[in-house]
Amino acid sequence: MPPTPRTVLDSGDIARALTRISHEILERNKGADDLVLLGIPSRGVPLAHRIAHRLSETEQVKIPVGALDVTMYRDDLQMRPARALGHTDIPPGGVDGKVVVLVDDVLYSGRTIRAALDALGDVGRPRLVRLAALVDRGHRELPIRADFVGKNLPTSHAEKVRVLLDEYDGEDAIVITDSEGGR
Amino acid sequence: MRHLLSTGDLSRDEAIAVLDTAAEMRALSDRTIKKAPVLRGRTVVNLFFEDSTRTRISFEAAGKRLSADVINFAAKGSSLSKGESLKDTALTLEAMGADAVVVRHGASGAPYRLAHSGWVRSKVVNAGDGTHEHPTQALLDAFTMRRHLGDLDGRRVAIVGDVLHSRVARSNALLLSTLGAEVTLVAPPTLLPVGVEHWPVSTSFDFDATLPKVDVVMMLRVQAERMNAAFFPTVREYSRRYGLDARRMGLMPDHALVMHPGPMVRGMEISADVADSTRSVIVEQVTNGVAVRMAVLYMLLSGTDDTTQEDDA
């Protein structure tokens, strides 16, 4: 039976979720002071830029935004062939003493975020680290939770959640496929 | 990638994957903490049968920045005959549990023998074998060119000097042609190897005529220690016909780069003012060498350890 993809969030839903996350970040931080947004490649990066754009519009200041590749810090490297590295781009002000908001598309086992925290530790020492995820699909394998969530999406292991973004896929959508065997 | 023995084994996609990975590794080298835990618990052995400063140090730095345990094994001075010596050393390395062996040897083909003999299960990286190949040098040269010139497709590179004894020239010729560049070898007829007509290059004896069209001039060291015959009349004559001086540099296009794999013999193949000029990227080549070797070790060692699966593929 071929997997049937179904769209759970369309582009409007994604835009509204990101706007809400942006406001929550500002509310929690009481403004834009010291904020640095770091997206986790690949799809976390455009999401971080979109959130930074919204923050800048609301607060009228430029928010530093960059990318943090976690490939070399993953715990499953030796279980697969060598992976291509993503691009790390730390904004000029660095992260020391800043409030870093990590941005990822899907929060699942939590292992990527564990790797991100290790990677961040080699870049500098932020005052605070927070986590924003567009989708939280559950099934955590580590004690990690998101501070800002676009959409909680209860799923089974067998399902596959894909975030499609205009920058990579030509459209904005979140799709669930029933793939055999899951991960 | 199972081993890195020759740049001729790399497809265009593989070569570009190494160079792209090296770009990220280079960014890591600019940070305060120049280290990632990616090869933690892996052992890299530097097995050098020949003298080398920059290549060995470069591989050592690369391994350490990726958190591998690096063991330097200088086998120089061994009185055993080559075949036995290499095999015995290989068995020692196997017993030590080396995950990768970086080997430099005076005999062409020694790394290939090590990789395919069944003596060791480790990955083998060729760090220069005789007059055969030096793949990581070619990769760092291509990396340096890409940083300055972008895509190498259609770029023109002149490799000048002692091609006959140069493993750098062969590795570069193979890699650069894979990446789409046009390579011209410029050398006296006595210093071109037999069979050069089968290389993916053109040849020229006229340095001045080649210069106005090039994007890169790569000068090779005249390897006096490998010269067992009179390949050219005098140093002065060689230098006048095939040395890069300020006048010749003036014939190059404004954007063209001057490269040299080192060690340089100033006054022989390159004049001091050219080596120290703003066109010269010779010092940068050394910095990039660490990043490229990190990329190679990463691609060989970071993935699955299931070698039987890879051998079948």
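User: What is the mean pLDDT of chain B, and which residues fall below 50?

Analyst: pLDDT is the predictor's confidence in each residue, from 0 to 100. For chain B, 94% of the residues reach 70 or more, and the mean is 91. Where pLDDT is low, the predicted coordinates should not be read in detail. The stretch of chain B with pLDDT below 50 is residues 307-313.

User: And what ipTM and pTM does the predictor give the complex?

Analyst: Both scores come from the predictor and refer to the complex. The pTM is 0.91 and the ipTM is 0.88.

User: How far apart are the C-alpha centres of the two domains of chain B?

Analyst: The bounds come from an automatic or database domain assignment. Domain 1 of chain B covers 7-133 + 287-306, and domain 2 covers 135-281. Their C-alpha centres are separated by 25 Å.

User: Which elements give two or more residues to the side of domain 1 of chain B that touches domain 2?

Analyst: Counting two residues as in contact if their C-beta atoms, placed from the backbone, lie within 7 Å, 22 residues of domain 1 of chain B touch 20 residues of domain 2 of chain B. Helices (H or I, at least four residues) and strands (E, at least two) are DSSP runs, numbered from the N terminus. On the domain 1 side, the elements asked for are α1 (12-29), β4 (123-129) and α11 (282-301) of chain B.

User: How many residues of that domain 1 side are nonpolar, polar and charged?

Analyst: Ala, Val, Leu, Ile, Met, Phe, Trp, Tyr, Cys and Pro count as nonpolar, Asp, Glu, Lys and Arg as charged, and the others, Gly among them, as polar. For the side of domain 1 of chain B that touches domain 2, that gives eight nonpolar, nine polar and five charged.

User: Which word describes how α1(B) lies relative to α5(B)?

Analyst: Axes are lines fitted to C-alpha atoms, for helices over the stretch in contact, and angles run from 0 to 180 degrees between N-to-C directions. The axes of α1(B) and α5 (residues 135-149) of chain B come within 10 Å and cross at roughly 70°. Angles under 35 degrees count as roughly parallel, over 145 as roughly antiparallel, 65 to 115 as roughly perpendicular and the rest as oblique. That makes α1(B), relative to α5(B), roughly perpendicular.

User: Which residues make the contact of α1(B) with α5(B)?

Analyst: From α5(B) come B:Leu139, B:Ala142, B:Phe143 and B:Arg146. From α1(B) come B:Val18, B:Leu19 and B:Ala22.

User: What about α1(B) and α11(B): how many residues of their contact are nonpolar?

Analyst: These two axes come within 8 Å and cross at roughly 120°, and the helices are therefore oblique to each other. Among the residues that meet are B:Met25 and B:Arg26 in α1(B) and B:Val292 and B:Tyr298 in α11(B). The contact has three polar residues and one charged, and the nonpolar ones number 11.

User: At what angle do α5(B) and α11(B) pack?

Analyst: Their axes are 8 Å apart. The residues that meet include B:Thr136 in α5(B) and B:Glu284 in α11(B). The packing angle is about 115°.

User: Which element gives the largest share of the side of chain B that touches chain A?

Analyst: Here 16 residues of chain B are in contact with 15 residues of chain A. On the chain B side, α1 and α11 each give two or more residues. The largest share, four residues, comes from α1(B).

User: Last one: which peptide bonds are cis, and which residue of chain A has a positive phi although it is not a glycine?

Analyst: Most residues other than glycine have a negative phi, and most peptide bonds are trans. Cis bonds run from A:Pro41 to A:Ser42, with omega near 0°, and from B:Gly262 to B:Pro263, with omega near -10°. In the loop between α2 and β3 (65-67) of chain A, the residue with a positive phi, about 60°, is A:Gln60.

Definitions and conventions. Residues are numbered from 1 along each chain as its sequence is written. Chains are lettered from A and ligands numbered from 1 in the order in which they are written. This is a predicted model: local features need pLDDT of at least 70, side-chain atom pairs count only at pLDDT 80 or more; totals for chains, interfaces and linings use all residues.
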